[in-house]
Amino acid sequence: MMDRAKSLLLSESAFYAAAVNSVVDQEKHYSATSSFSATNNRREGLTRRYSSFDLSTTTHNENVINVAKSFLSTSCPELLAVLESHPDHKSAQDRLVKIGRNINATLRYSHEVTERAERGDVLHPGIWSTEEEEEIGNEVDRKMKGDASFQLLVRQCSNLAKMLASSSSSSSNDGTMKCPTVRYGRTEIQMPIVSLGCMRFQQSWNRGGKPIKSPDQIEKECQDNLVNIIKHALHCGVNHIETAQGYGCSELQIGLALKQLFEEGVCQREDLIIQTKGGISSSTTKSDYKSSILQQIERLGVGYLDLFSVHGLNTEDHYNWLFNHGDKGNLIDALKELQKEGKIRHIGFSTHAPAHIIKKAIESDVFDYLNMHYHFVGSYTASGDGTAVEGNEENIRLAQKHDMGIFIISPYDKGGRLYAPSNLSREIMLPDLEPMEYGSLWLWNHGAHTIVCGAARPSDLDEPVLAAIRSTTVAAKEDLQVVSRRIQERKERVLGKDWAESWHVGLPNYTQSEQRGFQIGNIVWLYNTILVYGMLDFAKDRYGTLTGNAKNWDVNKTWKENVFANPGFNWMPGCSYDESYDYTSELKDVPEQNLPRVLGAMEFVHKWCAAQDASSKEEKKVADEGEEATTIPLEYQTAYDMRPWTAFPER
């Protein structure tokens, strides 16, 4: 099986055979899966403002489907046969798009780096050492790595064929291709190590326009897709369904889907682990909260909840509303009453909070489990927090000490946009692992019980589940160690060992920046993330929330007034860098040797993540006037995007 892929890169004439021979418009081959634009003469290089994919069009999907079919016809014909006969035609097409984009990304990067080496281009400083660049641009070495990368893809395709074949046949999945389970802390639930997150498949967020409140408003296409996602999840052993009141019409649509699945005999209530979440505010009373949760249970049509989370325990105020809410009643008591009544089995919390708030909630010992950010790239909004250790690492250990279930939020998005990785991330991890598999394995080996996949389509579950199935093997553990060692070596080379270990010391995030709410720890973390992994688009996404918060910050208001003026601030907290501001007081606890680099890191992130975030009109003006455009290094560009089309709530 693996040998079939090897011929793809063995000779110059075959280098692009699998892709180019099947593409109608060969000139657009390399742009078939990205917004990548080149000058008429490719040797003049690339100028790009933002390397995200344009999801508003699927113009090139037909081309990459042809790429995938050509590849599979010789490398994994069994998957091609399964997809051609699959009852869910749209999902089968989605899988071909993803395979085609993976192939194109490998070929495109190989082509670009070998041409770059031939031209003798001067690289962006610090991306590769001289020795690394020579190896990367060497045509023979490139073909060997291409071979190995395609072998990895063939392995994934072969396993996917087995999983889908059992799904489409009359026989049920015998368990060999099912997601493993683990004990979920003191809940004693046997939890699949991948959970189905339900914030990407509903029709609407209900945050504008006409809200979706009744079944007759739901489009058949959206509901059919949602049902197919749940069916595929259950077939793969993913029976933990996690949603929230704040996810628009998600609860309504899940309730309708479960009713259908119960009636069809696909599953029973007892087969499922149902979790939802409900937010709180200063005006919420105990009675209000209890009534709201009962309405959530009714919408879901499940009778009781296996797991209920306080949604967004993000600030000291949220904690106080739970445990010290005065005349309104402590909101935690509403949950305890529902627990006694059999409506809730286990109580937890979900959080984007600073590390010290999460620590306080864990130490209350009231909660059986928690949902939080913790990833190989950092702890997202909590990155830069901590003293002895950085981010949420200490909270992972503390949750283990309290025997809590540990659920990791957004490993594939807030954990580095791994569904759309940079070329640099792939180059570091290949040919051993793709970024999504590495991120998954890292979490399962660093304290996580389950990691969520926010599926917008059935195929989104494929790679997480296949990684889960393989996670128990010796080979997976060896691959994890190899890539982790490679990453650590890169950190020490690019960042320096001292900086890699101490960069966060003394840095404040917004709770320690009382004047302007600066998220300095987060900003410096983004600097590291760009340099080590090339995750520029990921950094822009996060930094964009900081610049938005900064624009809305009113210096005439108190810190607390600013934090609560915008409901979204405590979810994506903090403000961006201000080049005119004197940071002396904010940085008073930073070690002297780190201070110049901290200031430089903030300037770097602001330049790359904010200065280029101009309107298209301004961007065009720069181009028309012949001003110098910033060139995004190839390594910082997005390699592929595993979203074949725009998710329903984002339309």
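The lining of the second largest pocket comprises 14 nonpolar, nine polar and six charged residues, where Ala, Val, Leu, Ile, Met, Phe, Trp, Tyr, Cys and Pro count as nonpolar, Asp, Glu, Lys and Arg as charged, and the others, Gly among them, as polar. The model is a predicted one, in which local features need pLDDT of at least 70 and side-chain atom pairs count only at pLDDT 80 or more, while totals for chains, interfaces and linings use all residues. Residues are numbered from 1 along each chain as its sequence is written, and side-chain values use heavy atoms, with hydrogens and water left out.

This second largest pocket has a volume of about 780 Å³; among the 29 residues that line the pocket, F376, E390, E393, K491 and A500 are the closest to its centre. Two or more lining residues come from each of helix 16 (435-444), helix 18 (474-494), helix 19 (497-502) and helix 20, helices being DSSP runs of H or I with at least four residues, numbered from the N terminus. On a 1 Å grid over the protein atoms alone, a pocket is an open set of points with protein on both sides within 12 Å along at least five of seven lines, whereas a cavity is a set of points where a 1.4 Å probe fits but cannot get out, and lining residues have an atom within 4 Å of a point. Grid points are joined across faces, edges and corners, and a volume is the space filled by probe spheres set on the points.

Three cavities of 30 Å³ or more are present. The largest cavity holds about 90 Å³ of space and is lined by A105, T106, Y109, S110, R142, K145, G146, S149, N423, R426, E427 and L430; helix 5 (89-119), helix 7 (139-168) and helix 15 (423-429) are the elements that give two or more residues to this lining. Its residues divide into three nonpolar, five polar and four charged. The second largest cavity, with about 70 Å³ of space, is lined by R155, Q156, N159, E437, E463, L466, A467 and R470.

Setting aside residues up to four places away in sequence, F349 touches, among others, V310, L313, I358, F367 and M404, contact meaning heavy atoms within 4.5 Å.

The whole structure contains zero disulfides, a disulfide being a pair of cysteine sulfur atoms within 2.5 Å. The sulfur of C157 lies 5.4 Å from the closest cysteine sulfur, in C76, and is therefore too far for a bond. C157 is buried, at a relative accessible area of 3%, where buried means under 20%, exposed over 50% and partly exposed in between (1.4 Å probe, protein chains only). For C236, likewise in no disulfide, the nearest cysteine sulfur is that of C179, 8.5 Å away.
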